[in-house]
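Please look over the structure shown below before reading on.

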Amino acid sequence: MKLAVFITCRNNSTRLPNKALLNLYNDTTYIDYIFKRVHNIKTDCLKILSTCHGKENQILINKAIDNNCLYYVGSEQDKLDRWLNTAKFYNIDFFVTIDGDDPFFDFNIIDLAFDSYL
């Protein structure tokens with residue numbers, strides 16, 4: 001059984017460009033904080049950045065790599081298509097998503113979701 005957490009994030013939002021790179025505190029950005037917290041998930045699962053095409057997203061990919069996370073680059077406008085293709089690419093059976101602008105996600109609830117599925 002292959003489980004994963006998809007961190008859904010892109011850097012070309014029109015309402016608030018580069019929001020994932022805004023400082024949350026000190027020199028820690030939203031996305032940096034998410035990458036740190038995702039490693040608190042106890043369930044054995046892949047941690048995958050699900051982002052989209054565009055050079056502005058390369059910084060997110062680099063941060064994923066620096067934080068021992070995988071990544072997938074897909075559709076810019078269709079998040080569901082991106083998730084589907086991320087799951088197909090990594091042969092994922094079940095996944096939970098975290099939005100790139102939700103640094104305070106509850107990793108305990110993610111573990112509960114995995115436990116419920118299993």
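In helix H1, the buried residues are Ile31, Asp32, Tyr33, Ile34, Phe35, Arg37 and Val38. Buried here means under 20% relative accessible area, exposed means over 50%, and partly exposed lies in between, with a 1.4 Å probe and protein chains only. Because 7 of the 9 residues of H1 are buried, the helix is largely enclosed by the rest of the structure. Helices (H or I, at least four residues) and strands (E, at least two) are DSSP runs, numbered from the N terminus.

The model is predicted, so local features need pLDDT of at least 70 and side-chain atom pairs count only at pLDDT 80 or more, while totals for chains, interfaces and linings use all residues. Residues are numbered from 1 along each chain as its sequence is written, and side-chain values use heavy atoms, with hydrogens and water left out.

The next topic is the nonpolar interior. A nonpolar core is a set of buried Ala, Val, Leu, Ile, Met, Phe, Trp, Tyr and Cys residues joined through side-chain atoms within 4.5 Å. The largest such core has 22 residues, of which Val5, Ile7, Val38, Ile41, Leu49, Ile110 and Phe114 touch the most other members. Two or more residues of this core come from each of strand S1 (3-8), helix H1 (30-38), helix H2 (58-66), strand S6 (94-99) and helix H4 (107-117). H1 gives the largest share, 4 residues.

Val38 shows what surrounds one of these residues. Leaving aside neighbours within four places in sequence, Val38 is in contact (heavy atoms within 4.5 Å) with Val5, Ile7, Lys47, Cys69, Ile98 and Phe105. There is also a second, separate core of 8 residues, and among its members are Phe6, Tyr72, Trp83 and Ile92.

Two other buried positions can be followed in the same way. Thr51 lies in strand S4 (residues 46-52), and with 0% relative accessibility Thr51 counts as buried. The side chain of Thr51 reaches the backbone oxygen of Cys9 at 2.8 Å. Beyond its neighbours within four places in sequence, Thr51 has contacts that include Cys9, Arg10, Tyr72 and Arg82. Asn67 sits in the loop between H2 and strand S5 (70-74). With a relative accessibility of 18%, Asn67 counts as buried as well. Apart from neighbours within four places in sequence, the contacts of Asn67 are Phe35 and His39.

Now the charged pairs. Side chains of opposite charge can pair when their charged atoms come close. A salt bridge is a side-chain nitrogen of Lys or Arg within 4 Å of a carboxyl oxygen of Asp or Glu. How many salt bridges does a search of the whole structure find? The search finds 3.

In one of them, the side chains of Glu76 and Arg10 meet at 3.9 Å, N to O. This pair links distant parts of the chain, with Glu76 in the loop between S5 and helix H3 (79-90) and Arg10 in the loop between S1 and strand S2 (23-25), 66 residues apart. Glu76 is partly exposed, with a relative accessible area of 33%, and Arg10 is partly exposed at 28%.

Another salt bridge joins Lys63 and Asp32, whose closest N and O atoms are 3.0 Å apart. Lys63 belongs to helix H2 and Asp32 to helix H1, 31 residues apart. Are these two residues buried or exposed? Both Lys63 and Asp32 are buried.

Asp99 and Lys79 also form a salt bridge, with 3.9 Å between the closest N and O atoms. Asp99 is in strand S6 and Lys79 in helix H3, 20 residues apart. Asp99 is partly exposed, with a relative accessible area of 33%, and Lys79 is partly exposed at 36%.

Last comes the chain as a whole. The protein chain has 4 helices and 6 strands, and from the N terminus on its elements run β-β-β-α-β-α-β-α-β-α. The radius of gyration, taken over C-alpha atoms, is 14 Å, close to the 13 Å that the globule rule (2.2 Å times the number of residues to the power 0.38) gives for 118 residues, so the chain is as compact as a globular protein of that length. Of the 118 residues, 45% count as buried. Among contacts between residues at least 6 apart in sequence, 67% join residues at least 24 apart.

Definitions and conventions: Polar contact = N/O pair within 3.5 Å; in protein donor to acceptor, adjacent residues only side chain to side chain.
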